[in-house]
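Here is a report on one protein model, read through its contacts and charges. Keep the structure open alongside the text.

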Amino acid sequence: MLSMNDPSALAGMLPFDSIGLYEQPKPRFIFKMPRVVPDQKAKFESDELFRRLSRESEVRYTGFRDRPQEERQVRFQNGCREGHTEIAFIATGTNIQLVFSPSTNGYHISSAARECDFDKEHGKVHLRSHFIMNGVCVRWRGWIDLERLDGVGCLEFDEDRAMIEDSMLRDQIERYNQRLRDFEEKRRAYSGQQDRGPDPDLDLRMSGLQNAANHHGGSPASRCPQRGVPLQGRKKNDLSHGHHN
């Protein structure tokens with residue numbers, strides 16, 4: 001059992017970002033990690049891993065390796081009909097989780113458009129799967145033997161989906177830049193208000209009111225708003241009238 005004093009025990013824990021009691025929260029800009037790189041095709045053509053995986057090579061089904069071969073065959077076919085399977089490139093050891101449209105037995109989708117086709121070649125299933133790998137839109141294409149559970153496959157650059165992801169990336173960057181511009185404008189407006197300091201016109205107006213109050217022997221608030229008579233004088237007049245009565 002790991003102890004809390006052991007630094008390795010905290011390796012898998014998320015950091016706890018607390019705000020102090022008197023510390024003002026700072027503005028945050030959450031920039032979602034882009035799904036793709038800016039130039040997908042260039043990376044697909046220049047990256048060593050993609051170059052190796054783009055050549056047709058031997059692949060193998062990797063699911064349920066601890067089960068008997070007959071059971072693995074049944075599970076593989078069931079997984080394909082559900083729309084998923086796991087394969088690995090033998091040469092590089094690259095494991096890939098394939099997700100595709102499940103088999104429809106040819107009733108609604110043509111053979112060329114199927115992503116899982118058991119009818120194209122006897123004893124084999126032909127698969128196609130679209131996904132993003134290392135920031136690049138790719139398509140896996142190949143076949144698996146239904147008995148041996150191995151076959152041949154490769155990766156291809158998916159230009160159609162790459163164009164869609166590029167458009168989404170540009171929109172995401174533009175929204176982020178707009179948020180930065182709005183933040184800079186608010187910060188400059190706040191800084192300019194702080195640099196101007198107190199309003200001198202307000203000080204002059206308050207000083208004029210104070211001088212007028214001192215000149216008339218009292219504050220403006222102590223006068224009657226209707227007659228301009230001091231409040232204390234009104235009280236004395238009321239008392240004197242009461243004695244005469």
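## A charged pair within one helix

Glu71 and Arg75 make a salt bridge, with their closest N and O atoms 2.9 Å apart. The model is a predicted one. Both residues belong to helix H3 (residues 69-82), and because they are four residues apart there, about one helical turn separates them. Glu71 is partly exposed, at 23% relative accessibility. Arg75 is partly exposed too, at 36%.

How many salt bridges does the structure hold? The count is 18. One of them joins Lys41 to Glu159, and here the closest N and O atoms are 4.0 Å apart. Lys41 sits in helix H1 (residues 40-46) and Glu159 in helix H4 (residues 159-196), so this pair ties together parts that lie 118 residues apart in sequence. Lys41 is partly exposed, with 40% relative accessibility. For Glu159 the relative accessible area is 47%, and this residue also counts as partly exposed.

Side chains of opposite charge can pair when their charged atoms come close.

## The salt-bridge network

Some charged residues join up beyond pairs. Glu56, Arg139, Arg141, Glu156, Asp158 and Arg161 are linked in a network of salt bridges. Is Asp158 buried or exposed? Asp158 is buried, as its relative accessible area is 3%. That value falls under the 20% limit for buried residues. Arg161 is partly exposed, at 41%.

His130 lies in strand S5 (residues 124-133). Its relative accessible area is 22%, so His130 counts as partly exposed. Which side chains make polar contacts with His130? Asp158 does, at 2.7 Å. Arg161 does as well, at 3.2 Å.

Leaving aside neighbours within four places in sequence, His130 also touches Val99, Glu115, Val138 and Arg139, along with Asp158 and Arg161. Glu156 is 26 residues from His130 in sequence, yet their C-alpha atoms are 9.5 Å apart.

## An exposed histidine in a loop

Where is His122? His122 is in the loop between strand S4 (116-117) and S5. At 82% relative accessibility, His122 counts as exposed. The C-alpha atoms of His122 and Asp145 are 9.2 Å apart, and 23 residues separate the two along the chain.

Strand S1 (residues 57-61) includes Ser57. S1 runs antiparallel to strand S2 (residues 84-89), and three bridges join them. In this pairing, Val59 stands opposite Phe89 of S2. Ser57 is buried, with a relative accessible area of 19%. Not counting residues up to four places away in sequence, Ser57 touches Phe89, Gly151, Val152 and Gly153.

S2 is also joined to strand S3 (residues 95-99) by five bridges, and these two run antiparallel. Ile87 has Ile96 of S3 as its bridge partner. Thr85 stands opposite Leu98 of S3. S2 and S3 form a hairpin with five residues between them, and Gly93 in the turn has a positive phi of about 75°. In a regular strand, side chains alternate between the two faces of the sheet. S3 has a covered face made of Ile96 and Leu98. Asn95, Gln97 and Val99 make up its uncovered face.

## The largest nonpolar core

In soluble globular proteins, nonpolar side chains tend to be buried together. In this model, the largest nonpolar core has 30 residues. Which of them touch the most other members? They are Val125, Leu127, Trp140 and Leu155. Strand S6 (residues 136-145) gives the most to this core, with five residues.

Beyond its neighbours within four places in sequence, Leu155 is in contact with Phe44, Phe50, Leu53, Ser54, Phe89, Ile96, Phe131, Met133, Val138, Arg139 and Trp140. Arg139 is part of the salt-bridge network.

How values were computed
Residues numbered from 1 in each chain as written. Predicted model: local features only at pLDDT ≥ 70, side-chain atom pairs only at ≥ 80, totals over all residues. Heavy atoms only, no water. Core = buried A, V, L, I, M, F, W, Y, C linked by side-chain atoms within 4.5 Å. Buried < 20%, exposed > 50% of the residue type's maximum accessible area, 1.4 Å probe, protein only. Contact = heavy atoms within 4.5 Å. Pairing = 2+ DSSP bridges. Polar contact = N/O pair within 3.5 Å; in protein donor to acceptor, adjacent residues only side chain to side chain. Salt bridge = Lys/Arg side-chain N within 4 Å of Asp/Glu carboxyl O.
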